[in-house]
There are 2 protein chains.
Amino acid sequence: MWKFVSRKFLTHFPTSSFYPLLFSLLHSHSLASPLSLSHSNFPVTTHNINPKEYSDSIERAWRILDQIPGRATGAYSHSQGIKGLRDTIAAGIEARDGFPADPNDIFLTDGASPGVHMMMQLLIRSENDGILCPIPQYPLYSASITLHGGKLVPYYLNEETGWGLEMPELKKQLEDAKSKGINVRALVVINPGNPTGQVLPEENQKQIVQFCKEEGLVLLADEVYQENVYVPEKKFHSFKKVSRSLGYGENDISVVSFQSVSKGYYGECGKRGGYFEVTGFSSDVREQIYKMASVNLCSNVSGQILASLVMSPPEVGDDSYESYFAEKDEILTSMARRAKTLEEAFKKLEGVTCNKAEGAMYLFPRIELPNKAIEAAKAENTVPDAFYCKQLLQATGIVFVPGSGFGQVPGTWHFRCTILPQEEKIPAIVTRLTKFHENFMDQFHD
Amino acid sequence: MWKFVSRKFLTHFPTSSFYPLLFSLLHSHSLASPLSLSHSNFPVTTHNINPKEYSDSIERAWRILDQIPGRATGAYSHSQGIKGLRDTIAAGIEARDGFPADPNDIFLTDGASPGVHMMMQLLIRSENDGILCPIPQYPLYSASITLHGGKLVPYYLNEETGWGLEMPELKKQLEDAKSKGINVRALVVINPGNPTGQVLPEENQKQIVQFCKEEGLVLLADEVYQENVYVPEKKFHSFKKVSRSLGYGENDISVVSFQSVSKGYYGECGKRGGYFEVTGFSSDVREQIYKMASVNLCSNVSGQILASLVMSPPEVGDDSYESYFAEKDEILTSMARRAKTLEEAFKKLEGVTCNKAEGAMYLFPRIELPNKAIEAAKAENTVPDAFYCKQLLQATGIVFVPGSGFGQVPGTWHFRCTILPQEEKIPAIVTRLTKFHENFMDQFHD
């Protein structure tokens, strides 16, 4: 009985710190589509659970319950999120960055997206306000800027240098926008990149921070893939840490960092947990952010708890540490292997080039489509990369997202592919993809 | 062990249909403030749980898990919410109204508020677009209209007729707005009323439906208090049911109904569950609603499950029905008694009048403040009703919300009081309030 019930207990409510375990239980399934875009087919391991091995998880469950006023997970919380959970998150940020974090700077949200909307709503005052966004970008940004009536000011990532974020391009686009009368208010950086999968070098991050400081831009740092770095030569550094390490404090630069429970090695997307940390805003603006957070009362409390767990994993010496670390490592190294396998498969396809998969959960290969394919797409009133992806889906069941959904240099074509299918399925996917691609190129050869 | 663990199981994840039980476990606490605004001090009963008595709950838990693709509560769902849960909700609406409901019309949301925002964002195209809103109103509406750059077109509820929604007032305000060049797009009706606690007569609802049909207004029906009706002479009727009973179908009138898991007799506010049902929109508009829902990916899956439970309570013949019904009845009759006790207490206070508490969770008494109190408030740069509420809070710990937060006829003063404090605490609250009020009136007598 204990086994059944404890599994239920652990599975269904994340008051345990042992979230990789939770995660593996929650994700013990597979979807029909082998390259689905959903994060629901994360890698899975199964465990025999002995509650005595996880005394720290049980202690933590009680500690979290005690942090919730009246232990009422069903009651509204503070509009920024439960204070005790924000304390935990602030401590986690400090441990990650080596610089202080203030729980009053943290706003818990239903996933990262509502925080992005909130900042766009605050920043965009009229159609003359612009937001610098990478191209390719995660379409949340283009959608949110459009919804709030502002202008997306694009800066192109350089595919030649591994989707490099290059300062001359950033400066050029800013000046162009200014010359058109656009007030550029903020710069969005997605690091690790979505859909492009690059991890920014720290030197580059420093330049970006300097640029924002000099130009008075709010730095909107999408850091939801901070745990997803697959190459030893790259490390994740938060933009707040980089700005603090340059000696910039509250009065020098405004940085907003977005984090989510939907990524990393946990992938609890359906729980809708996340937060943003705001630094470098005046108290007037802070009050407005708080007022906006209050309009929707609060984010869901289970998601709040998960966000605190993500930022405070078990530590060396905790009962659950070893199995936690083993599972985390297993998941992340498996993701790295899958990324590498897919990258190499793409490189072998005729007309396809693919940058190194450094981080996040995606590859964004470029494809040179034959003219005949482009004409066939036109005849169907379809964008060429969407035409390719539709054909692939119909022939194989594999889902890629056309590059046109993310933006790309005009005349180039790409697709986004996740690295999330189960590892043992990857070889079969590669075989099917390769066969499809050969047939496609045969069919449309110039 | 079973007892402990099963409580945890049932407490922490609502896969049981026996939600009043869940609810009572989740709310077994009390807050310091006896008249807190939070819904966290709902009435509480305790139970000895015998799982054999609730076979229907356990069956339902499995059925719900089977409705979730891959049983993955941690995965993203369809952006409108899990299809099986929407089927359940549609069936619940049909059972409630006696008219068909379509699961494709249902959009699950993190509480009711995000749905309201979504509709405002869709309806408001420019500052010349207006939304008819009751005054007093729940401030979500004024906030959302302001955030989306539209104009709130107020219509005043008539306090003399029990906060009646009177058609001449509605017509007058619509004409006034039109004459100022405002495009009035929609009418918000909150029924049962927040903060005013009235329940609209069906006859009145018919007039409102006719009015919306004739004027081409979208009817935004805030029906989150649909279970909270405390007087035998009034019943809740959904606006969709009323419009269908008048013979109006999809092509005649656009109605949006908002529902939440935060109210009723369940009060699971921290879970952030809710939905809206849209009827009478063209497929073009429907596509835009779906696109907007997709931007934030999906609402939290636990909240989605709860929303389905709220709309499909145990039925006669189910093992859990009797204890479910007993607890529901106990909670609602206790709320009715508390509303009545508070209403009568208010009526005895000098200078205070109070309408009948028919529904929702609030009383909204009117207070004639002495001139000296109004001057004292001015001297402190405070609105007079806020001045009264602050003094009350400081003297007694009782929290009322000033009427000025909801809007009121200029020159009148009110406060909103919830009926949620535990019933056994109400007499002490009444004693403290009465004593405070006497002192206040003595101090500021003209």
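Me: Where in chain B does Leu297(B) lie?

Reply: This is a predicted model, so keep that in mind throughout. Leu297(B) is in the loop between α10 (283-295) and α11 (301-310) of chain B.

Me: What is the phi of Leu297(B)?

Reply: Start with the general idea: most residues other than glycine have a negative phi. Leu297(B) isn't a glycine, yet its phi is positive, about 70°.

Me: Which loop holds Arg71(B), and what is its phi?

Reply: Look in the loop between α3 (55-67) and α4 (83-97) of chain B. Arg71(B) has a phi near 55°, again a positive value in a non-glycine residue.

Me: How do I read the relative accessible area of Arg71(B)?

Reply: Under 20% would be buried and over 50% exposed. Arg71(B) comes out at 38%, so it counts as partly exposed.

Me: Now the peptide bonds. Is the one from Asn191(A) to Pro192(A) cis or trans?

Reply: In general, most peptide bonds are trans. The bond from Asn191(A) to Pro192(A) is cis, with omega near -10°. You'll find Pro192(A) in the loop between β4 (183-190) and α8 (202-215) of chain A.

Me: And what about the bond from Asn191(B) to Pro192(B)?

Reply: That one is cis too, with omega near -10°. Pro192(B) sits in the chain B loop between β4 (183-190) and α8 (202-215).

Me: Stepping back, how many helices and strands does chain A have?

Reply: Chain A has 15 helices and 12 strands. Of its 446 residues, 62% count as buried.

Conventions: Residues are numbered from 1 along each chain as its sequence is written. Chains are lettered from A and ligands numbered from 1 in the order in which they are written. This is a predicted model: local features need pLDDT of at least 70, side-chain atom pairs count only at pLDDT 80 or more; totals for chains, interfaces and linings use all residues. Side-chain values use heavy atoms; hydrogens and water are left out. Helices (H or I, at least four residues) and strands (E, at least two) are DSSP runs, numbered from the N terminus. Buried means under 20% relative accessible area, exposed over 50%, partly exposed in between (1.4 Å probe, protein chains only).
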